[in-house]
Amino acid sequence: MKTSDLLVQCTRLDCTPPETQRVIELAARVCDWSALLAEAEAHGMAPLLYRTLRAAGAQIPATATHALQGLYLTHRHANAVRNQVLQEALAALAATGIEALVVKGGALCHLLYPDSGLRPMSDLDLLVRRDTIKPARQALCKLGLSVSGECDSQPDKSLPTAGLTVDGVWVGIELHHDLFEAAFDATMTLDDLTVEMLKFPLGEGGTKARTLGWED
């Protein structure tokens, strides 16, 4: 059995009884839990693996249980910190009249997951208009986020990630004025969106943020 077989089964947020039985069977056949945990972490799957194994009642070594729980709690704490910084960043941008959309993981962890800690992130991504990307960077710099290079560098679809460390967690924010990377000729900006933006709360009782509509 490849360790990835179990990870594939754990991509679901909820398993049917047959799927749950399959998880239990695959977990019983794991020979190297250290390798499995390393692979899960590399693919951003450790929290989902932890949740699914617990829900299934799978019997796994205590050392693996403790390691998985540690990874889950680490990601949950990191995302809580990132969420707080994101709220402060959006408030700072709104105060200067800059429209910003949360894209990628910063939105998906709230829209698709019952627990935002289940979706590990490396940084946060915001979409702004090209003519506001430099003022937006300056607003973030005032919050304490720093970046290597000048804040007024020429943007090429995005600016280098600005970041700071809070409670032991590095929080990076990358500003984009185009959803496509520089290597692509295609373009998609705030003015190219075709459907109404989705609104979602940044956690229970958190401020409302916006992201792309499902079609976009």
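Two rings of Phe, Tyr or Trp count as an aromatic pair if their centres lie within 6.5 Å; planes under 30 degrees apart make the pair stacked, planes over 60 make it edge-to-face, and the rest are tilted. Keep that in mind as you click around this predicted model, which holds two aromatic pairs.

**Stop 1: the tyrosines**

Select Tyr50 and Tyr72. Their ring centres are 5.3 Å apart and the planes sit at 25 degrees, so this pair is stacked. Now colour the helices: Tyr50 belongs to helix α4 (residues 46–56) and Tyr72 to helix α5 (residues 62–95), so the pair links parts of the chain 22 residues apart. Are these two tyrosines buried or exposed? Tyr50 has a relative accessibility of 8%, which means it counts as buried. Tyr72, at 11%, is buried as well.

**Stop 2: the phenylalanines**

Next, pick Phe180 and Phe184. This aromatic pair is tilted, with 6.2 Å from centre to centre and 55 degrees between the planes. Check the surface here: Phe180 is partly exposed at 32% relative accessibility, and Phe184 is partly exposed at 48%.

**Stop 3: where α3 meets α4**

Which residues make the contact? On the α3 side, show Trp33, Leu36, Ala40 and Glu41; on the α4 side, show Ala46, Leu49 and Leu53. Sorted by type, the residues of this contact are six nonpolar, no polar and one charged.

**Stop 4**

Time to look inside. In soluble globular proteins, nonpolar side chains tend to be buried together. Here, the largest nonpolar core has 32 residues, and the members that touch the most others are Leu90, Val102, Leu126 and Ile173. Which elements give two or more residues to this core? They are α5, α6 (105–111), β2 (124–127), α7 (133–142), β3 (162–166) and β4 (169–176). Helix α5 gives the most, with seven residues.

Zoom in on Val102. Beyond its neighbours within four places in sequence, Val102 is in contact with residues including Leu86, Leu90, Leu126, Phe200 and Thr211. Apart from this core lies another, of 24 residues; among them are Val30, Trp33, Ala40 and Leu49.

**Stop 5: Gln87**

Slide along helix α5 to Gln87. Gln87 counts as buried, at 17% relative accessibility. Leaving out residues up to four places away in sequence, Gln87 touches Leu202, Gly206 and Thr207.

**Stop 6: Thr189**

Find Thr189 in the loop between β4 and β5 (198–201). Its contacts, leaving aside neighbours within four places in sequence, are Leu127, His177 and Asp178. Try the distance tool from Thr189 to Trp214: these residues are 25 apart in sequence and 15 Å apart in space, C-alpha to C-alpha.

**Stop 7: two positive phi angles**

Finish in the loops. Lys104 sits between β1 (101–103) and α6. What is the phi of Lys104? It is near 65 degrees, a positive value in a residue other than glycine. Lys104 is exposed, at 52% relative accessibility.

Then jump to Asp167, in the loop between β3 and β4. Asp167 is another residue other than glycine with a positive phi, near 50 degrees. At 60% relative accessibility, Asp167 counts as exposed.

Methods:
Residues are numbered from 1 along each chain as its sequence is written. This is a predicted model: local features need pLDDT of at least 70, side-chain atom pairs count only at pLDDT 80 or more; totals for chains, interfaces and linings use all residues. Side-chain values use heavy atoms; hydrogens and water are left out. Rings of Phe, Tyr and Trp (its six-membered ring) pair if their centres lie within 6.5 Å; planes under 30 degrees apart count as stacked, over 60 as edge-to-face and the rest as tilted. Helices (H or I, at least four residues) and strands (E, at least two) are DSSP runs, numbered from the N terminus. Buried means under 20% relative accessible area, exposed over 50%, partly exposed in between (1.4 Å probe, protein chains only). Contact means heavy atoms within 4.5 Å. Ala, Val, Leu, Ile, Met, Phe, Trp, Tyr, Cys and Pro count as nonpolar, Asp, Glu, Lys and Arg as charged, and the others, Gly among them, as polar. A nonpolar core is a set of buried Ala, Val, Leu, Ile, Met, Phe, Trp, Tyr and Cys residues joined through side-chain atoms within 4.5 Å.
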